[in-house]
There are 2 protein chains.
Amino acid sequence: MKATKQAYPPTPQPNQNLRFDQNGEFKILQVADMHYANGKTTHCLNVLPSQNFSCSDLNTTIFLNRMIKAEKPNLIVFTGDNIFAFDSSDSAKSLDAAFAPAIASNIPWVAVLGNHDQEGTLSRSGVMNHIVGMKNTLSKFNPPEVHSIDGFGNYNLEVGGVEGTDFENKSVLNLYFLDSGDYSQVSTILGYDWIKPSQQLWFQRTSAELRKAYISKPVPQKHAAPGLAYFHIPLPEYASLDSSNMTGVKLEPAGNGISSPSVNSGFFTTLLAAGDVKAVFTGHDHLNDFCGNLMNIQLCYAGGFGYHAYGKAGWSRRARVVVASLEKTEKGSWGDVKSIKTWKRLDDQHLTGIDGEVLWSKSTGGNQG
Amino acid sequence: MKATKQAYPPTPQPNQNLRFDQNGEFKILQVADMHYANGKTTHCLNVLPSQNFSCSDLNTTIFLNRMIKAEKPNLIVFTGDNIFAFDSSDSAKSLDAAFAPAIASNIPWVAVLGNHDQEGTLSRSGVMNHIVGMKNTLSKFNPPEVHSIDGFGNYNLEVGGVEGTDFENKSVLNLYFLDSGDYSQVSTILGYDWIKPSQQLWFQRTSAELRKAYISKPVPQKHAAPGLAYFHIPLPEYASLDSSNMTGVKLEPAGNGISSPSVNSGFFTTLLAAGDVKAVFTGHDHLNDFCGNLMNIQLCYAGGFGYHAYGKAGWSRRARVVVASLEKTEKGSWGDVKSIKTWKRLDDQHLTGIDGEVLWSKSTGGNQG
């Protein structure tokens, strides 16, 4: 909940490289499951009777504007089900309206696909294609160097160190974005889709390249820079966490409370093996908003954001903030990433902050990738 | 246990393509965990006091000779821990001695690596390199078309239909061989290694190419040809089987009785998604010899074969046989694969056959790949 000295709104820099600010911080706002449809004519789900009157998608828009203004993030990440396309009369218009506050803020933003984004007038590739053409987004359709990869919207972003420091030309924080698909295409497997071998191989190789660059000149480092991974559908390993080892809650009622694929496609293992990703951030389960540590990887939800998404009346819509902080060097300059903290804000009168915690810190280690 | 009319020993055809015989059958002998070391000076483990006198690696050799003579397979598959290299004074010599009966039989044979093959004078790549240079083997070092793949000894073999029939130029049975590694190279993950994304992607693409060929001219088929996968370390999903849904036994005492990797790398999901593989055959756990059906994929062990491998005194060393049988067409010719059966033989006086069962049949379906 630290205030930053960053001017608001920042100067438009749509083609800028991401980098840490002069305060040695980089802040990410995660927005999960907006479920945007047609705007003011689209009603809210699961709100209190007192809230129901005139509640619509515009409440989602208002919440997003408030969050951006309160947090002034360096990057906004939309983790899928950005639109609930089944209820949308025009997917492109819904996407435009859903992301409008991000665009208006002039803050760089990215999105990945959920399982509901393609249920309208645009296919999955159509939705991602529309997104990458929007203003101020750093979203990419897929990695250009890979000939064939499953899904749409698998890409990574590098976050450079502070300008004018030894780390200005190094990515000190790596962000990975993946398409976790929608529904199983295999007749013998029910339920949600999963992250495929082609995507995992791309991640693995990208992580290895980033590590190689990080441990090379200039200022060669001992370990890989920390990474964060964002996608929509939680991994099966989320189910191994319980209230004894999580911050936040698991309120989803069905089954074990985690709507992951019914099969394990191994991405958690691939993350462990790569070693650089310290935290994974998903959406999909609107009533889960926890982070929990499994084998030194934090498995996090953001909690449901959108008002046309199912929720729980009286349980506020919410969003997750992550801030990475750099180490101050002996010379008074900024070094590499020292810690990664998180908190959430509720869509109440004061945008109440909850569940602040340190996800990773350099000193206590965890996986040194 | 059907007798075949095949001549024994068959004419040497080291470069032959594998194909079904004129009886419409293709038989595979699986030999798991020979643990061969130095021959007659290498003692036996876990045998009855009455057997212990002069028991050595040569008992493994004798058992292999007996099995080959009794079954006259079309292919012999060695599923790793072919040698127990830690106790071997010369890995190449141990390999030569271990595979000698297969070579002498003039039957085509293949091998994959286990977790003990590299513990001697040869590295993992050295062992595989030695194997692929041996007589009569169809083993391959790795797929030539893949630039980078984890492990050594990932390859596939096609088994053609009967010569002179419509299927003579089609692979009606596909065999996949993978290197399941040895030990985790990741400090945060204990235990055994796992099948990596690069290997899974190779499998997935190979399976897709074989399917494409099978559903194309000549004699285009509706579904992929059935496949069988052989490797050393069991998948984590083996642990979900119990005595209520297996043929054979799980006698391994430790933990849940399955020494798979401690993490799930997703290969079972990849197999399900590809759909063509009907059965997986591993070794590694010498006291498990079951097959069990999980989501229409049979997960099978062969049971321990070698006398210098740990075992259980009084519980015979054993091997698994698989026979695929073709459908007789209306014209009296041979068609595609109708059924896949299996049984085991014990190294007792009569090479007693046990646990015969149908693993897959075309009529009852299962995954139609």
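In this predicted model, A:His232 is found in the loop of chain A that runs between E7 and strand E8 (246-247). With a relative accessible area of 0%, A:His232 is buried, and its side chain reaches the backbone oxygen of A:Thr79 at 2.8 Å. The points below take up the surroundings of A:His232, the relation between the two chains, the pairing of their H5 helices, and a number of loop residues, among them B:Ser139 and A:Asp90.

**Surroundings of A:His232**

- Leaving aside residues up to four places away in sequence, A:His232 touches A:Asp33, A:Thr79, A:Gly80, A:Asp81, A:Val112, A:Leu113, A:Gly114, A:Asn115, A:Ser180, A:Thr282, A:Gly283 and A:His284.

**Relation between the two chains**

- Chain A is superposed on chain B by a rotation of 180° with 0.0 Å of shift along its axis, and the RMSD of this superposition is 0.0 Å.
- The two copies are therefore related as by a two-fold rotation axis, and in chain A the C-alpha nearest that axis belongs to A:Gly266, at 2.1 Å from it.
- Both copies use the same surface, in that 100% of the contact residues of chain A recur in chain B.

**Pairing of the H5 helices**

- Helix H5 (residues 197-214) of chain A and helix H5 (residues 197-214) of chain B have axes that come within 8 Å and that cross at roughly 145°.
- The crossing in which H5(A) passes H5(B) is left-handed.
- From H5(A), the residues A:Pro197, A:Ser198, A:Gln200, A:Leu201 and A:Gln204 take part in the contact, and they meet B:Pro197, B:Ser198, B:Gln200, B:Leu201 and B:Gln204 of H5(B).
- Sorted by class, this contact of H5(A) with H5(B) has 4 nonpolar and 6 polar residues, and no charged residues.

**The loop between H4 and E5**

- B:Ser139 has its place in the loop between helix H4 (124-132) and strand E5 (155-160) of chain B, where it is buried, with a relative accessible area of 7%.
- The side chain of B:Ser139 makes a polar contact with the side chain of B:Thr137 at 2.7 Å, and a polar atom of the B:Ser139 side chain also lies 3.0 Å from the backbone nitrogen of B:Ala111.
- Not counting residues up to four places away in sequence, B:Ser139 touches B:Trp109, B:Val110, B:Ala111, B:Met128, B:Ile131, B:Val132 and B:Tyr155.
- In chain A, the loop between helix H4 (124-132) and strand E5 (155-160) holds A:Leu138, which at 13% relative accessibility counts as buried.
- A:Leu138 and A:Leu64 are 74 residues apart along the chain, and their C-alpha atoms are separated by 18 Å.

- A:Asp90 is placed in the loop between strand E3 (75-79) and helix H3 (91-105) of chain A, and at 25% relative accessibility it counts as partly exposed.
- Apart from residues up to four places away in sequence, A:Asp90 touches A:Asn38 and A:Thr121.

**Backbone geometry in loops**

- A cis peptide bond, with omega about -5°, joins A:Lys217 and A:Pro218, and A:Pro218 is in the loop between H5 and strand E7 (227-230) of chain A.
- In chain B, the peptide bond from B:Lys217 to B:Pro218 is likewise cis, with omega near -5°, and B:Pro218 is in the loop between H5 and strand E7 (227-230) of that chain.
- A:Leu351 is not a glycine but has a positive phi of about 45°; its place is in the loop between strand E13 (334-346) and strand E14 (353-361) of chain A, and at 7% relative accessibility A:Leu351 counts as buried.
- B:Lys72 also has a positive phi of about 45° without being a glycine; this residue is in the loop between helix H2 (57-71) and strand E3 (75-79) of chain B, and at 24% relative accessibility B:Lys72 counts as partly exposed.

Notes:
Residues numbered from 1 in each chain as written. Chains lettered and ligands numbered in written order. Predicted model: local features only at pLDDT ≥ 70, side-chain atom pairs only at ≥ 80, totals over all residues. Heavy atoms only, no water. Axes fitted to C-alpha atoms, helices over the stretch in contact; angles between N-to-C directions. Helix = DSSP H or I, 4+ residues; strand = E, 2+ residues; numbered from the N terminus. Left-handed = near helix turned anticlockwise from the far one by under 90°. Contact = heavy atoms within 4.5 Å. Nonpolar A, V, L, I, M, F, W, Y, C, P; charged D, E, K, R; others polar. Buried < 20%, exposed > 50% of the residue type's maximum accessible area, 1.4 Å probe, protein only. Polar contact = N/O pair within 3.5 Å; in protein donor to acceptor, adjacent residues only side chain to side chain. Least-squares fit on C-alpha atoms with pLDDT ≥ 70 in both.
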